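Trainee: I would like to learn how to read a protein model. Could you walk me through one?

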Amino acid sequence: MDPVGILEEASHYLVGGVNSPVRAFYKPYPLIVRRGEGPYIYDINGNKLLDHVLGYGPLILGHRHPAVLERVRETLENGWLFGALTELEIKLARKILSHIYPGGLIRFVNSGTEATMLAIRLARGYTGRSKILKFDGCYHGAHDHVLVKAGRAASHLGVPTSKGVPIELTQLTIVGNYNDVAGLEDIFRKHGEEIAAVIVEPVVGNYGVIKPKQEFLTALRKLTSEYGSLLIFDEVITGFRLSLGGAQRYFGIEADLVTLGKIIGGGFPVGAVAGRREIMELLTPKGPVFNAGTFNGHPISMAAGLATIETLEKEGLDKATAASKAIMEIIDDTLRRKYEHYAIVRVESMLQFYIGVDSVESPDDVRRADKERFLKIHEELVKEDILVAPSQMEAFFTSIVHGEDEVRLFQQAFEKALGRVD
Ligand SMILES: Cc1ncc(COP(=O)(O)O)c(C=O)c1O
């Protein structure tokens with residue numbers, strides 16, 4: 001089949017030929033997927049690609065994991081939407097809270113975007129304040145209050161990153177520098193009393209991968225407590241990936257609210273806010289902070305999430321982490337022979353590499369890296385049937401079904417691909 005012809009047809013009906021912008025890469029050819037199995041996806045021409053995108057994070061068990069498939073099939077047999085409470089929601093809530101927020105409460109929504117939107121509303125409702133603080137380089141979904149970049153440094157106030165977002169709204173969002181403790185203290189000195197919440201990716205996964213400095217996370221906890229602001233950990237990527245208890249357990253920092261998505265739906269649409277009981281109880285129907293959703297707690301997403309977390313409880317995350325570590329070593333060996341300046345950042349099963357810089361600790365470092373060369377490597381990797389995200393602003397993921405065979409495949413392909421890049 002001719003993928004270019006299909007793309008033309010897609011573009012006739014879908015804006016830009018896709019439904020989410022990161023999917024719009026067409027080199028070496030437009031990728032049109034037919035199915036997935038384990039760590040592999042198959043395109044419309046039957047090419048088998050080793051998948052390190054994994055749906056941008058949810059598929060920590062790989063594609064079509066039998067435990068998920070079975071639970072979803074079983075659930076479908078009973079019907080799939082009731083507009084009423086089901087036992088599946090209770091089971092998944094109990095399970096997630098036992099790992100992520102023992103003693104807390106959870107509300108399921110339909111995406112990470114909805115989760116962060118709701119967490120921010122809750123924080124504003126709880127504190128009676130309007131401003132939020134986010135960090136340059138952190139992505140929290142596609143809604144107005146977080147589509148903000150840093151304005152003039154002096155003011156710290158945000159300007160929209162998208163047309164259509166009113167500047168009046170983004171001026172309620174202060175933008176800080178990730179990993180900058182002195183900057184954070186300065187923002188709190190100036191605005192601390194007005195800040196309802198700080199929202200942060202505890203490991204940046206949407207500006208490449210950036211590790212947090214422990215002192216940055218500690219300062220976040222300390223300053224928010226001191227000034228009566230809430231700390232929101234956006235764990236849409238890190239939840240059930242860094243550890244079963246997410247980044248909170250991994251770094252030993254407790255947030256007031258945690259936003260979740262991706263893995264907790266096992267590849268089906270989901271989002272959630274979990275957190276302290278007294279804050280969560282402000283939500284409708286108990287309290288005055290509004291949230292509702294036709295698809296909230298959707299049975300199929302709940303079933304897939306349950307099967308995923310139960311499988312992770314049995315099998316652990318070690319295999320995903322081991323594959324990521326092995327891949328990091330391969331990338332390191334290969335890049336060292338070719339480039340004087342490069343950096344690799346890995347946290348458990350999240351990874352990214354950068355050419356042209358010696359280390360990456362901030363979004364500025366990522367911006368300095370050689371984006372063009374990364375794209376060239378991406379193109380050559382796809383020719384070798386390895387799928388990684390088409391931008392150094394994303395992360396490489398591994399799943400618990402990426403084993404030694406896949407690592408070997410990656411090694412051969414990476415060396416060959418790099419051989420064709422300057
Ligand atoms: C940290 C983080 N927060 C929020 C979101 C938004 O989630 P969704 O795409 O499900 O709306 C994402 C998506 O990539 C994310 O990585």
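Mentor: Let us go from the whole chain down to single residues. Keep in mind that this is a predicted model.

Trainee: How many helices and strands are there in the protein?

Mentor: The protein has 14 helices and 16 strands. Its radius of gyration is 21 Å, close to the 22 Å from the globule rule for 422 residues, so the protein is as compact as a globular protein of that length. Along the principal axes, the C-alpha trace spans about 55 × 55 × 45 Å.

Trainee: What percentage of the 422 residues count as buried?

Mentor: That share is 46%. Among contacts between residues at least 6 apart in sequence, 71% join residues at least 24 apart.

Trainee: Into which domains is the protein divided?

Mentor: Domain 1 covers 3–60 + 317–419, and domain 2 covers 66–315. As you look at the two, note that their C-alpha centres lie 26 Å apart.

Trainee: How many residues of each domain are in contact with the other?

Mentor: On this boundary, 23 residues of domain 1 are in contact with 26 residues of domain 2. On the domain 1 side, the elements giving two or more residues are β13 (342–347), β14 (350–355) and α12 (363–368). Of these, β14 gives the most, with four residues. By type, the residues on that side of domain 1 divide into 15 nonpolar, six polar and two charged.

Trainee: Now I would like to read a sheet. What holds its strands together, in general?

Mentor: Strands of a sheet pair through backbone hydrogen bonds, and they can do so either parallel or antiparallel. In this structure, four strands form an open sheet in the order β1-β2-β3-β15, with mixed pairing. The edges are β1 (33–37) and β15, each with a single partner strand, so one side of each is left without a neighbour in the sheet.

Trainee: How do β2 and β3 run, parallel or antiparallel?

Mentor: Strand β2 (residues 40–43) and strand β3 (residues 48–51) run antiparallel and are joined by three bridges. To find your place in this pair, look for I41, which stands opposite L49 in β3. The two strands form a hairpin with four residues between them, and G46 in the turn has a positive phi of about 85 degrees.

Trainee: And which way does β3 run with β15, parallel or antiparallel?

Mentor: Those two run parallel, with two bridges joining β3 to β15 (residues 386–387). Here D51 stands opposite L387 in β15.

Trainee: Next, the ligand. Which residues come nearest to the ligand?

Mentor: Of the 16 residues around the ligand, S111, G112, T113, G141 and V236 come nearest. Helix α4 (residues 112–127) gives the most to this shell, with three residues.

Trainee: How do the residues of the shell around the ligand divide into nonpolar, polar and charged?

Mentor: The shell holds four nonpolar, ten polar and two charged residues.

Trainee: Last, I would like to spot backbone details. What is the general rule for phi and for peptide bonds?

Mentor: Most residues other than glycine have a negative phi, and most peptide bonds are trans. With that in mind, we can look at some cases that depart from the pattern.

Trainee: Which residues does a cis peptide bond join?

Mentor: You will find P28 in the loop between α1 (3–13) and β1. Another joins T284 and P285, where omega is about 10 degrees. The loop that holds P285 lies between α9 (277–280) and α10 (299–315).

Trainee: Which residues other than glycine have a positive phi?

Mentor: Y56 is one of them, with phi near 65 degrees. Y56 sits in the loop between β3 and α2 (66–76). D385 also has a positive phi, near 65 degrees, and is found in the loop between α13 (371–383) and β15.

Definitions and conventions: Residues numbered from 1 in each chain as written. Predicted model: local features only at pLDDT ≥ 70, side-chain atom pairs only at ≥ 80, totals over all residues. Rg over C-alpha atoms; globule rule 2.2 N^0.38 Å. Buried ≥ 20, exposed ≤ 12 C-beta atoms within 10 Å, placed from the backbone. Contact = placed C-beta atoms within 7 Å. Domains from an automatic or database assignment. Nonpolar A, V, L, I, M, F, W, Y, C, P; charged D, E, K, R; others polar. Pairing = 2+ DSSP bridges. Near = placed C-beta within 6 Å.
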